[in-house]
Amino acid sequence: MALSMCRYVWWLSLSFPLHQFLPTLPARRLFPRPFPRCFRPPFFFLSPPSSLLYLSQSIFHSLLHLPFSLLSSSPANTPHQKPKGSRKVERDRTMSSAFSAGKFTTQPFPLNTSSPRSHDKPFNIPSATSPFFGSSRKLRLNSSSKLNLHRRSGTVVAVSDVVKEKKSKFAPNLLITKEEGLVLYEDMVLGRAFEDMCAQMYYRGKMFGFVHLYNGQEAVSTGFIKHLKKEDSVVSTYRDHVHALSKGVPARAVMSELFGKTTGCCRGQGGSMHMFSSEHNLLGGFAFIGEGIPVATGAAFTSKYKREVLKEADCDHVTLAFFGDGTCNNGQFFECLNMAALWKLPIVFVVENNLWAIGMSHLRATSDPQIYKKGPAFGMPGIHVDGMDVLKVREVAKEAIGRARRGEGPTLVECETYRFRGHSLADPDELRDPAEKAHYAARDPITALKKYLIENSLASEAELKAIDKKIDEVVEDSVEFADESPLPSRSQLLENVFADPKGFGIGPDGQYRCEDPKFTEGTAHV
Amino acid sequence: MAAIFQGVGAAAALSSSPSNSFDSKKLLFSPRRSFSVKKGASVVVVRSDGNVNLDLNPRGRRAQQLIANAVATKADSSATSSSSKPGHELLLFEALREGLEEEMERDASVCVMGEDVGHYGGSYKVTKGLATKFGDLRVLDTPIAENSFTGMGIGAAMTGLRPVVEGMNMGFLLLAFNQISNNCGMLHYTSGGQFTIPIVIRGPGGVGRQLGAEHSQRLESYFQSIPGIQMVACSTPYNAKGLMKAAIRSENPVILFEHVLLYNLKERIPDEDYICNLEEAEMVRPGEHVTILTYSRMRYHVMQAAKTLVNKGYDPEVIDIRSLKPFDLYTIGNSVKKTHRVLIVEECMRTGGIGASLTAAINENFLDYLDAPIMCLSSQDVPTPYAGTLEEWTVVQPAQIVTAVEQLCH
């Protein structure tokens, strides 16, 4: 009863600095009207001054950070919940709370309080880590489980399911081993160092065009891709350097590609926005947003086809499609969610929600800014995770990829993340509030992981510094290699236009044009 | 591989009568009759049953010069032996289905994707029966999301399958333009050759019988600028099956243009396995006075006009260019060098159509051989009207072709 009253007064709590997100905002700014339960920004936010925008964004995020109990206590908030009756809120004692700097102290509820927990779940995740699992109550698995006829596989509750029994009786319950931790750290540092070097090289005139850097979002790439096998595919966007690196493309190949040299992973023909690697199953690198999602769906379709039609029984390749918040308003996104769920394709849709599409704030562009809610609309689980925290991302990724591998279908994962730099190196980045940037800079994923590793004695400062140094050397070596590599010669111009060069046709002399020596020299006119 | 002479009789008789279906009763010539032309000293005999007279055909000699693996078929031997095997008669959509079915049996990675291709059998019945035979995953009924399922086909092609994507009507592929232009055409290049895209995109286009503006679009002019793709247009059951099979076997992305009004053409085609070269044009009717270049349905308008022209004493050489991108400049060039006059008859729009590109290509390469400016008859730059009379006037009619030839040959 007291809790049910909370729905009327919970917003008052916003006036108190309960969370550390808004240290600089004056308290009086925090008296909003009671926000609509589904949180829509008010009308006048159509053209807000940036501070108000920041306010709405931070409140939006703070809503999700708030203890789950307060949000869910109102029945109207959760129409599909089984809700009455008091719920226990438990303290989270796992180390992950230390990792998240103690901000989140309550545990999210297990989802299906009414239905018996299915004990035949093949996986159990000590998922007390993410406060955002509170949001996964919107999984509405009760409804999606109606669609899911495979009861034996269990519904995807585990993301938010608190495995109370699994909670360790012995402290500390670590999420990763030392080796895994070092791998994650090294991968993220590689991503960061590489992108910083890209910026340097760009301003020195070694690369041109549009270069989109990934600083700040490394946790998403590392958290997901490090769960993949080599045969699994990754499809990315124009912000693809770090996806390429995480997938295993050598830094040398990526840097040469950026320099436009012939030793690049695409022979210099793709550039920053078109990183491909058939060896590592990186299917690109797409310049138009949303363009890669159908391609990823096709790769997942091939995996299913190989298993069911070609009878390669062990083919369980998973595809990951990475894209941003702006893409989630694009038709191709919705069309592919539909098809992937319809045919239960082994794909995971990973939304890197960094709140900004160049200068368009996600809240100004989207009617319902909570992207993960769009998953259940198509019959797949939608999960929100803190994308600045690599361990949380990793947990969610493990489950989503596991689901896909077992043939249970796609998952939509929304990672709340942030890019520290502008949209591209040509973006002056004037619209974003410095306070917002500072807020996220304080949540740098690399610093956080470093802190976790050291606090849990998984690695020493010296080891981590050694990794930093090693990565610096790798990146410098890649620049040297790229510098020394040759530029493409003229003969390369016409080489890869067609897989079968007879496609250039028959010339006036009766020969196929590709036999003309001018073709191999690249001087012919096509 | 060798240029195949098409049955003039079977092809010539299509008139623009209001009926939608063409069956053998309506053909003015029975398939077996040969069509001979007397003009002065030279007599040209073309058998309509697909026999290739290699002696009369200079292209036959050129066929040997092509690289050995240009088209891996038994076409040569089948051509000479086709007179012993009568072949079988079928309609054009059945020929497409036969080609598709044979390729699906031959290679398990060939699959079909499109709207209503599975249970419904295809809106023009090209994929009828395939879903029962090969299963729902190999003949995939997609939701109505052209951009995405074309992109899905491209992703599947990159990862090892050979999809055949059907646009229920070619015009719907405008929604897939993003994927066709950006991914289909470009990915092989931007990936530095790492990924091939052996996809076939096919569908019926062209002006039908009062289908309205949006269902009467000719997309070949929009797609022709996309680098990295090949475009072919089929016009008879023989080349429909041959081009379908060649397109599926090709490593390049191929767009196969069919025509709504040609699906019920009947012809006798060989029993044995054959394919038609994707880059070659087809000599329909050799002649001396003027070269008429055409493709798809306009071929039949041209052949009908040819009858009138022959009666008036002209000897047109009719070439079905078949390969819309790239053009077969050898066949076309030889013809231009012989006749010195060119008329292009197409269904594409006037502006920026295939005819416009072909005119430019011929002018660039064979200007010295021309005795008169190239004439290009194309559809008007008008959204195809619904009314039958208006629709007739947007498309080129045989009478206009006759007038144009008379003008050219003066």
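How many salt bridges does the rule find across the interface of chain B and chain A? The rule finds zero there; a salt bridge is a side-chain nitrogen of Lys or Arg within 4 Å of a carboxyl oxygen of Asp or Glu. The model is predicted, so local features need pLDDT of at least 70 and side-chain atom pairs count only at pLDDT 80 or more, while totals for chains, interfaces and linings use all residues. Residues are numbered from 1 along each chain as its sequence is written, chains are lettered from A and ligands numbered from 1 in the order in which they are written, and side-chain values use heavy atoms, with hydrogens and water left out.

The interface joins 57 residues of chain B to 53 residues of chain A by contact (heavy atoms within 4.5 Å). Together the two chains bury about 4500 Å², 65% of it on carbon and sulfur atoms. Buried area is the accessible area (1.4 Å probe) that two parts lose on being put together, summed over both. On the side of chain B that touches chain A, 25 residues are nonpolar, 25 polar and seven charged. Here Ala, Val, Leu, Ile, Met, Phe, Trp, Tyr, Cys and Pro count as nonpolar, Asp, Glu, Lys and Arg as charged, and the others, Gly among them, as polar.

Over all chains, the count of salt bridges comes to 46. One of them joins Lys226(A) to Asp187(A), with the closest N and O atoms 3.9 Å apart. Lys226(A) lies in a loop between helix H7 and strand E1 of chain A and Asp187(A) in helix H6, so the pair ties together parts 39 residues apart in sequence. Helices (H or I, at least four residues) and strands (E, at least two) are DSSP runs, numbered from the N terminus. Lys226(A) is partly exposed, at 31% relative accessible area, whereas Asp187(A) is buried at 7%. Buried means under 20%, exposed over 50%, and partly exposed in between (1.4 Å probe, protein chains only).

Helix H6 of chain A also holds Arg192(A). Its side chain meets that of Asp444(A) in a salt bridge (3.0 Å, N to O). Arg192(A) is buried, at 14%, and so is Asp444(A), at 12%.

In chain B, Glu103(B) forms a salt bridge with Lys245(B), the closest N and O atoms being 3.8 Å apart. The two residues lie in helices H4 and H10 of chain B, 142 residues apart.
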